[in-house]
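Here is a short briefing on a predicted model. Please look over the sequence and structure first, then read the points below.

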Amino acid sequence: LTSQPHEDLAAAVLEMLPDGPVEVTGEGATAETVRRLLGGRSAGEAPPRAVVETTGTAAGIAAALERVASGGRVVVAAPVADVPAFDTYHELHVRGLELVVVAS
Amino acid sequence: VTPDLRRVLDALRSAKGASQEAPLAGRLATRAAAVVRVAGIRAGRRVVWPSAGRALLERFELPAAGRGEVTVEILASAISPGTERAQYLRLPNARPAFPHHPGYSAVGRVVDRGRGAGGLAVGQLVAVPRAPHASLVTVPASEVYAVPDGVALAEASLTYLAIIAAYGVDRCRLEPGELVCVIGAGPIGLLAQRIAHARGAQTAVVAPSERARALVELTPGARLLHEVDELAAAAAIDAAGQEDTLELAASAAADGARVVLLGSPRGLQRLPLSAMGRRRLTVVGAHISRLAGERAETGRDDFRRFADEYLTGLRDGTIAAADLVGEPVDPREPELAYRRLADGSLRSAYFDWQRLEPSERVAPAPVLPRRSSAPGPVVVSARPRATGERLGFAVIGCGDIGAENAAAIASAANARVVACYDAVPALAQAVAAQHGAVASGSLDAALAEPGVQAVVVSVPHAAHEEVCVAALERGLHLVVEKPVAHDLASARRIATAADRSSGLASVCFPFRFESAALAAQALIDVGALGELRGSTITMLVDKPPSYWLGGYSGRATSSWRTSRAASGGGILIMNATHLVDRALHLTGASVEEVAAFASQSAETGEVEDSIAVSMRYAGGAVGSIVGASSARGGSSASGLTVWGTLGQIVLDDRPRAFTLHAAADGEAGRWRNLEAAESADPRVVYFERFVEAVRGAAPLDISLAAGVTVQEVVEAAYRSVESGRPVRIEELR
């Protein structure tokens, strides 16, 4: 019963992922569940097509955006707060990244 | 060797080096290709930003089209009101290194094509994305797009902006009939709206300004919004990139929608992560540089797809852009255009390269290096024709300036010295002997001398009134050396006498006729200075102690220059009046209020040694005068500077002008010399012009009233010094 919310969240994350290698950040239950569901899709050394970010912190999101390949997607799977001043130009715009939050 | 030519020559040398290892046929082909490129060098003009805030039009050279390339004569190049304005203002994320060659999107005609340049023909009209603002570019043929017949040049020049906008719309992943909301109504935002509309989407626009709202209202298919909440658009585009616009776009989007960031933010933005999570929004970056990355990864050329979509849309009438092209601007005035872009008075615009002469736009360039020639001086002729009839002058006062005036009269083709008088007879005799005139024994005798028709008065200032009034009452024409008198009341009495006399009266401000002053006047007359903002007069001289006892020459010993009663004052009334007149004459402005401080010295006796004057002109411009008699070593910077909204003129020992308009001499955005290589003695010109006025052949250039106006400024300054408060000119009337 206690693992069900993480299973639901992980399933929602999987729906948002593009094809290609995926990297998961964080060590919590959501991260572990996503890793398990992804199986062999984890990324190697090269920047992945998607990063699943499970901390929800501004620093964690920024690191995920930096890590993901150009044109790739960052899926945030954790509760988040608004960021009042974000460098969208460098963090998102120039590299054509996509950012989606699946936790409410 | 110019940088462009150096690059070509370096290429030639490296081709030669590489050929050591190559087979003979290859070596010959390589060398032949390089030689062809060097021989095919063309010259054009391009816009350059040499440093922050500066923009110039410069000559440059570029090699002819090589394999797979085309050379295009640019006819119009769009100025981006977003990116280029941000770069000019050096906003965050938009700080180019200098020198910078700006440019964005252009259209032109193919003038040269290399082998393998596809199906493009010489003479074909093509859109050239990412072209610099230049009359000529050489680019890969794969990166230009044929413009269909019937498409207006200026609209085609927006092709790169349309590619950017179309990419943003693509990133929305819209289905036909879905609603997209565009935040921002600049060219990118409106092009995105129009492209989305042409693709079958419903569109709505949030426009920040009244002008933008008016544009939206004229746009087919666009719904103008003031509120976006509950709009539930299938996608939203932030084309504004402002602090709060991403948040606004998110508000306009339906749950699960894509929010596309299209306009480049010039600072930080609010990122609404909690709403994104609650509503499963996806924020999508859509910078055009990513499109190049996609092309490299997939091999798919969406640049061409979007360009063709826009250009055929223009041709078929499914996309409109005529209202987005803005104002044509002259490439010879780039700094003016960018300054207007910065202050918001120019919103959309394009450089109209057809305003340049064809020989400037595209010209064959010599291969040999050459020295660039400095811009030539402005030459303005002011001399009248000599008639042979010479006006007879009595020279009253034969000190330093009297002798100088006599010499100028003698040199003038239409004037002569008839009589001379001075309280010191030896001075009058010396000047009379020099010019074959009579040395008179009294003022009355000089004025009554046969042949005397005019008088030039060069006596101590307080004595001007007696001599001038006597001459005017006899009906003689009058030239009085500046200032008109030692004080304003006396000057006005002389002016009253002049009004009653049949003689013409003028104050001697000969430096109006210096070649540089005439050139400055010509620039101002065509509006090159714009609206007056200010003037500054600097007169720092080092008068030797002997000056105060006998002038510069020492021909006559007198202490009148140190007497307030005799002279009226020091450096301001004695010398700076020339520059005050020049400032008022050049600008046509009138002084309304004056405040001044002054100090004396042992050398200058009762009159000021140093003075600082602040002035306010009618209309709000400001002015200053700083003068000193004891600035040791003097100053080469003494002179006059006037500046306005469009330019600046400096009249000192290196007269020069800077104007944003390409006025009079065709130069803009750079300092250039105003001094003529050869010019006439301005004092001689002054007397020749005065005689022309007496003859009725020309209007009087410098009336006594001009001298009285200068005297008002001087009087106000001295009264301010005495009272310790600002003095309004109207208080003196």
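Chain B has a mean pLDDT of 88, and 88% of its residues reach 70 or more. Here pLDDT is the predictor's confidence in each residue, from 0 to 100. The model as a whole scores ipTM 0.94 and pTM 0.72.

This is a predicted model, in which local features need pLDDT of at least 70 and side-chain atom pairs count only at pLDDT 80 or more, while totals for chains, interfaces and linings use all residues. Residues are numbered from 1 along each chain as its sequence is written, chains are lettered from A and ligands numbered from 1 in the order in which they are written, and side-chain values use heavy atoms, with hydrogens and water left out.

- Contact means heavy atoms within 4.5 Å.
- Residues 367–381 of chain B also have pLDDT below 50; that stretch has 21 contacts beyond near neighbours in sequence.
- Where pLDDT is low, the predicted coordinates should not be read in detail.

**Helix packing in chain B**

- Helices (H or I, at least four residues) and strands (E, at least two) are DSSP runs, numbered from the N terminus. Axes are lines fitted to C-alpha atoms, for helices over the stretch in contact, and angles run from 0 to 180 degrees between N-to-C directions.
- Helix α17 (residues 464–473) of chain B packs against helix α18 (residues 488–500) of chain B at about 5 degrees, with the axes 9 Å apart. Therefore α17(B) is roughly parallel to α18(B). Angles under 35 degrees count as roughly parallel, over 145 as roughly antiparallel, 65 to 115 as roughly perpendicular and the rest as oblique.
- From α17(B), the contact uses His464(B), Glu465(B), Cys468(B), Val469(B) and Leu472(B). From α18(B), it uses Ser490(B), Arg493(B), Ile494(B), Ala497(B) and Ala498(B).
- The contact of α17(B) with α18(B) has six nonpolar, two polar and two charged residues. Ala, Val, Leu, Ile, Met, Phe, Trp, Tyr, Cys and Pro count as nonpolar, Asp, Glu, Lys and Arg as charged, and the others, Gly among them, as polar.
- Helix α5 (residues 159–172) of chain B crosses helix α11 (residues 302–316) of chain B at roughly 110 degrees, and their axes come within 9 Å. So α5(B) is roughly perpendicular to α11(B).
- Residues of α5(B) in this contact include Tyr160(B), Ile163(B) and Tyr167(B), and those of α11(B) include Phe303(B), Phe306(B) and Tyr310(B). By class, the contact of α5(B) with α11(B) has ten nonpolar, one polar and three charged residues.

**Helix α2 of chain A**

- Thr30(A), Ala31(A), Thr33(A), Val34(A) and Leu38(A) are the buried residues of helix α2 (residues 29–38) of chain A. They lie on the same side of α2(A), because they cover an arc of only 165 degrees around the axis.
- The arc is that of the directions from the helix axis to the C-beta atoms. Buried means under 20% relative accessible area, exposed over 50%, partly exposed in between (1.4 Å probe, protein chains only).

- Most residues other than glycine have a negative phi, and most peptide bonds are trans.
- The Phe98(B) to Pro99(B) peptide bond is cis, with omega near -5 degrees.
- Lys482(B) and Pro483(B) are joined by a cis peptide bond, with omega about -10 degrees.
- Arg90(B) has a positive phi near 55 degrees and is partly exposed at 27% relative accessibility.
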